[in-house]
Amino acid sequence: GPCTECSCSSGKEPDKDPSHTKKKENGDRLCVPKIFFGTRTHKQITQITRELKRTAYSYVPMTILSSRDYTCIHPVVSNSSNRNEMCVELLEGKHGRSCSFYHGVHKLSEHHVLQSAHRVYQAWDIEDLVSLGRKLRACAYFAARELMVGADIVFCPYNYLLDPQIRESMDIKLKDQVVILDEAHNIEDCARESVSYGVTEAQLRAAREELDFMVNNNIRQKHHEQLRAVCCSLV
């Protein structure tokens with residue numbers, strides 16, 4: 001059946017863009033895979049996009065996935081220590097306020113889609129997207145995610161590809177796609193970090209106190225006694 005992840009589903013007419021779809025004998029469309037290019041740091045993405053700009057493939061539709069730390073332009077959220085939570089709260093309208101930059105996302109993503117359609121497109125970096133976002137008063141974080149639909153190449157840090165939770169939240173589907181990992185000897189550390197979790201002694205003591213309360217008040221005593229034992233042994 002027709003593929004949902006690649007550029008042939010991004011609203012382009014197949015006859016106008018023959019490079020993206022080939023006809024299979026049974027009439028189904030064969031999708032050209034995306035290239036997911038993973039790097040260790042955001043800084044390396046900057047270097048790679050600079051190199052891409054110098055090649056004959058500078059016009060190829062692309063996007064860069066990165067965190068709100070690099071892309072948020074909301075005056076309050078961008079200066080906060082928990083940008084992710086604040087952003088989600090704004091989008092849900094919890095305190096009766098919303099984010100006007102989020103509502104301008106289409107201005108930014110359409111700007112890039114139009115450029116690539118006319119081949120005046122050029123490879124760009126996160127900073128380019130953010131400064132254009134400031135001009136258009138549009139959110140670079142969500143625009144970059146929207147651009148993934150029509151992108152032929154997607155740049156991102158390793159953990160976006162390795163960490164299943166990030167993959168799910170960013171809607172990254174790697175089946176039948178091409179994955180390139182730059183400096184792949186760093187993968188082990190990154191994979192280890194993805195399944196590791198840091199906890200302080202103070203947090204463990206606080207958890208033990210709460211579990212004491214649960215056990216003493218007969219709240220699911222059996223389960224909480226086991227958890228309390230784990231906390232005690234770790235402390």
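Which helix does Ala140 lie in? Ala140 lies in helix H6. The model is a predicted one.

**Around Ala140**

Ala140 is buried, because its relative accessible area is 0%, and buried means under 20%. Beyond its neighbours within four places in sequence, Ala140 is in contact with Thr71, Leu108, Leu129 and Val130. Gly104 sits 36 residues away from Ala140 in sequence. Their C-alpha atoms are 9.7 Å apart in space.

**The nonpolar core**

The largest nonpolar core has 42 residues. Helix H6, residues 140–147, gives the largest share of this core, six residues. The residues with the most contacts inside the core are Met62, Ile64, Leu65, Leu108, Phe155 and Ile172. Leu108 is also one of the contacts of Ala140.

Phe155 has its own set of partners. Leaving out residues up to four places away in sequence, Phe155 touches Phe37, Ile45, Ile48, Thr49, Leu52, Met62, Thr63, Ile64 and Leu65.

In soluble globular proteins, nonpolar side chains tend to be buried together.

**The second largest pocket**

This pocket has a volume of about 300 Å³. It is lined by 16 residues. Closest to its centre are Ser67, Asn84, Tyr160, Ile166 and Ser169. Helices H2 (68–71), H3 (83–91) and H8 (164–169) each give two or more residues to the lining. The table sorts the lining by class.

| Class of lining residue | Number in the second largest pocket |
|---|---|
| Nonpolar | four residues |
| Polar | seven residues |

Notes
Residues numbered from 1 in each chain as written. Predicted model: local features only at pLDDT ≥ 70, side-chain atom pairs only at ≥ 80, totals over all residues. Heavy atoms only, no water. Core = buried A, V, L, I, M, F, W, Y, C linked by side-chain atoms within 4.5 Å. Buried < 20%, exposed > 50% of the residue type's maximum accessible area, 1.4 Å probe, protein only. Helix = DSSP H or I, 4+ residues; strand = E, 2+ residues; numbered from the N terminus. Contact = heavy atoms within 4.5 Å. 1 Å grid on protein atoms, 1.4 Å probe; cavity = no way out; pocket = protein on both sides within 12 Å on 5 of 7 lines; lining within 4 Å. Points joined across faces, edges and corners; volume = space filled by probe spheres on them. Nonpolar A, V, L, I, M, F, W, Y, C, P; charged D, E, K, R; others polar.
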